Amino acid sequence: MSTAIHRTGLGLSAQDVEQIKRDFPILDQKIHGHKLVYLDSAATSQKPRAVIDALVRYYEHDNANIHRGVHTLSVRATEAHDEARETVRRFIQAADANEIIFVRSATEAINLVAETYGRVNVGEGDEVLITAMEHHSNIVPWQMLCDEKRAHLRVAPINDAGELDLDAFEKLISPRTRIVAVTHVSNALGTVNPIRKIVQLAHAHDVPVLVDGAQAVPHLPVDVQALGCDFYVFSGHKVYGPTGIGVLYGKEEILAEMPPYQGGGDMISSVTFEKTTYNVVPYKFEAGTPDIAGAIGLGAALEYISKIGMDRIAVHEHDLLVYATEKVSAVPGVRLIGTAGERAGVVSFVMEGVHPHDLGTILDREGVAIRTGHHCAQPVMDRFGIAATARASFAVYNTRQDVDALVEGMRKAHEVFA
Amino acid sequence: MTSELGDLYQEVILEHSKAPRNFRRLTSANHEAEGYNPLCGDRCSIYIDMEGDKINEIGFQGSGCAISRASASMMTQMVKGKTKAEAVKLFEQFHGLVTGNDEAAKAEDLGKMAVFGGVSKFPARVKCATLAWHTLQSALEADKKQEPVSTE
């Protein structure tokens, strides 16, 4: 890492962030004549030079298939892939690297659990409990499972601030509940859920908990053992890694009992036409040649932000969020969507008289990239009686000046449409 | 505003988006359809009172951005009194206009709707401009309300 962080106090100084910005080559460009202000990291984060270099280094020096060759390149590739798994383990504080399964994305991780754990443990009349703030990826796989098994999807409500109603959640845990699936941080509202409390409530009824951490790992230190959850999933590309790589964490004793996901090479110990013996975890769930470069890139990303320090990143982003909440709220006609006491990563809002799409187009011409739309969380939009929001999301490389550029663009949009 | 932005948000488009014409549900409708853009969640319902092959009366409802509202509003004004075939032809021309296909566009036929030419510089907004037209086409083809037509 080229960045030398001044290790003084919490958070990041202005110089720290300027140095970090320089680690992200893509940020050094102009869009429509303006300096790029990237406020769409919740959709996908940008990649530091360390990640880009790791991918290039792998393909230029070490590329080979893993777990099969005796030649030097295969040994190097296998070692690098194993190291990446260990880096992920350390990053989320899992007990054992075997509990880290590489998948394509958080979405695939949830589908894997629904199709393996879910298919075995959810039957007719059983229930799957989710919340009203889930991303489509933590709704649809469970809906598909429930349809197949004639089970029921139960949805714990949220309040007007976008916070989970914990009392209602607890009451929805029934003797038929087979799994709870809940997001750590809402992608549309920014709400941080009290995962430890949720896990305690579910475990009191012997119900396992899957946590969707896609929007949490970039922003908060995550310790899966402290959280106590049974599964934790996230995508690499939202935490400064490449697209196409994601992680499923599962407690080893649960993973060991689960049937395989896909069949193929690497997930077997032995194959005859009569019988196949499956490999041990994590390989049982990793059929076929994996995204080796993706895993190595993800490892590089996690090392990069670990060097900066997740505690300091969390403080820096919290400061930005507080600043952005104040500045954005002050623009005429703005209504924040998601005002939970505990929030991370995003400011979601609507502007009277300015549709989010029109705002998005006007901001783009000012060089400011935000997300507009339903954020793959249509039930959340329905809950707040809107079709879409504008969402600015933050990462380690954002500054207060980025927020100022956003607010200036919003004021321009207000002038055009008011 | 920059000139491209000014081309997109022309005064007449802003005016129609703020005060859309024919923004009502037609009780006399014998054709209707619902359009949906899954990318943004925008919705548009079109109600048509057809008299034989002619669009006698037309209204629309729904939620959407300035481009989609203005497009729907101006479209209803333009196709009222037209035959089904004429309306479909206009859609083809409009589609050519907003996608930058000059051959198909023949902007002179589109009259006031030629102001949507600026959309062609904003590929991400083409679906906003065409949602109402897709819905119109679906409504013309169906006498009862169908499954929502999608821009995807």
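Chain A is divided into domain 1 (14-31 + 309-417) and domain 2 (53-306). The model is a predicted one. The C-alpha centres of the two domains of chain A, domain 1 and domain 2, lie 28 Å apart. At their boundary, 26 residues of domain 1 of chain A are in contact with 23 residues of domain 2 of chain A. On the domain 1 side of this contact, α11, β14 and α13 (378-383) of chain A each supply at least two residues. Helix α11(A) gives the most to that side, with five residues.

Chain A contains an open sheet of four strands. The strand order is β13-β14-β17-β16, and the pairing is antiparallel. Strands β13 (334-336) and β16 (371-373) of chain A form the edges, each pairing on one side only. Neighbouring strands of this sheet are turned by 30 degrees against each other on average, direction ignored. Within the sheet, β14 (residues 346-351) and β17 (residues 389-393) of chain A pair in the antiparallel sense over four bridges. Here Phe349(A) stands opposite Ala390(A) of β17(A).

Two helices pack on this sheet. Helix α11 (residues 310-329) of chain A touches β13, β14 and β17 of chain A. The direction of α11(A) makes about 5 degrees with that of β14(A). Helix α12 (residues 356-365) of chain A touches β14, β16 and β17 of chain A. The direction of α12(A) makes about 160 degrees with that of β16(A).

Helix α2 (residues 49-62) of chain A was examined for length and burial. At 1.5 Å a residue, its 14 residues should span 20 Å; the end C-alpha atoms are 19 Å apart, which agrees. Ala50(A), Val51(A), Ala54(A), Tyr58(A) and Asp62(A) are buried in α2(A). Seen down the axis of α2(A), these buried residues fall within an arc of 100 degrees, so they line one face of the helix. The face turned away from the buried side of α2(A) carries exposed residues: Asp53(A), Val56(A), Tyr59(A) and Glu60(A). The cover over the buried residues of α2(A) includes α3 (72-92) and α10 (292-308) of chain A.

Ala214(A) sits in the loop between β8 (209-212) and α8 (224-227) of chain A. Ala214(A) counts as buried because it has 29 C-beta neighbours inside 10 Å, and the cut-off for burial is 20 or more. Residues up to four places away in sequence aside, Ala214(A) touches Ala106(A), Phe234(A), Ser235(A) and Lys238(A). The C-alpha atoms of Ala214(A) and Ser105(A) are separated by 8.9 Å, although the two residues are 109 residues apart along the chain.

Chain B also contains an open sheet of four strands. Its order is β3-β2-β1-β4, with mixed pairing. The edge strands, β3 (54-63) and β4 (149-150) of chain B, each pair on one side only. Nine bridges join β2 (residues 42-51) of chain B to β3(B), and these strands run antiparallel. One bridge pair is Ile46(B) with Phe60(B) of β3(B).

Helix α3(B) packs on the chain B sheet and touches β2 and β3 of chain B. The direction of α3(B) makes about 170 degrees with that of β3(B). Helix α7 (residues 126-141) of chain B also packs on the sheet, touching β1 (31-37), β2, β3 and β4 of chain B. The direction of α7(B) makes about 150 degrees with that of β1(B).

In helix α2 (residues 11-18) of chain B, Ile13(B), His16(B) and Ser17(B) are buried. Seen down the axis of α2(B), they fall within an arc of 100 degrees, so they line one face of the helix. These buried residues pack against α3 (66-79) of chain B. The face of α2(B) turned away from the buried side carries the exposed residues Glu11(B) and Glu15(B).

Val12(B) is also found in α2 of chain B. Val12(B) counts as partly exposed because it has 14 C-beta neighbours inside 10 Å. Leaving out residues up to four places away in sequence, Val12(B) touches Lys112(B) and Val115(B). Val12(B) and His31(B) are 19 residues apart in sequence and 28 Å apart in space, C-alpha to C-alpha.

Notes
Residues are numbered from 1 along each chain as its sequence is written. Chains are lettered from A and ligands numbered from 1 in the order in which they are written. This is a predicted model: local features need pLDDT of at least 70, side-chain atom pairs count only at pLDDT 80 or more; totals for chains, interfaces and linings use all residues. Two strands pair if DSSP finds at least two bridges between them. Axes are lines fitted to C-alpha atoms, for helices over the stretch in contact, and angles run from 0 to 180 degrees between N-to-C directions. Two residues are in contact if their C-beta atoms, placed from the backbone, lie within 7 Å. The expected span of a helix is 1.5 Å times one less than its number of residues. A residue is buried if 20 or more other C-beta atoms lie within 10 Å of its own, exposed if 12 or fewer, and partly exposed in between; C-beta atoms are placed from the backbone. The arc is that of the directions from the helix axis to the C-beta atoms. Domain bounds come from an automatic or database domain assignment.
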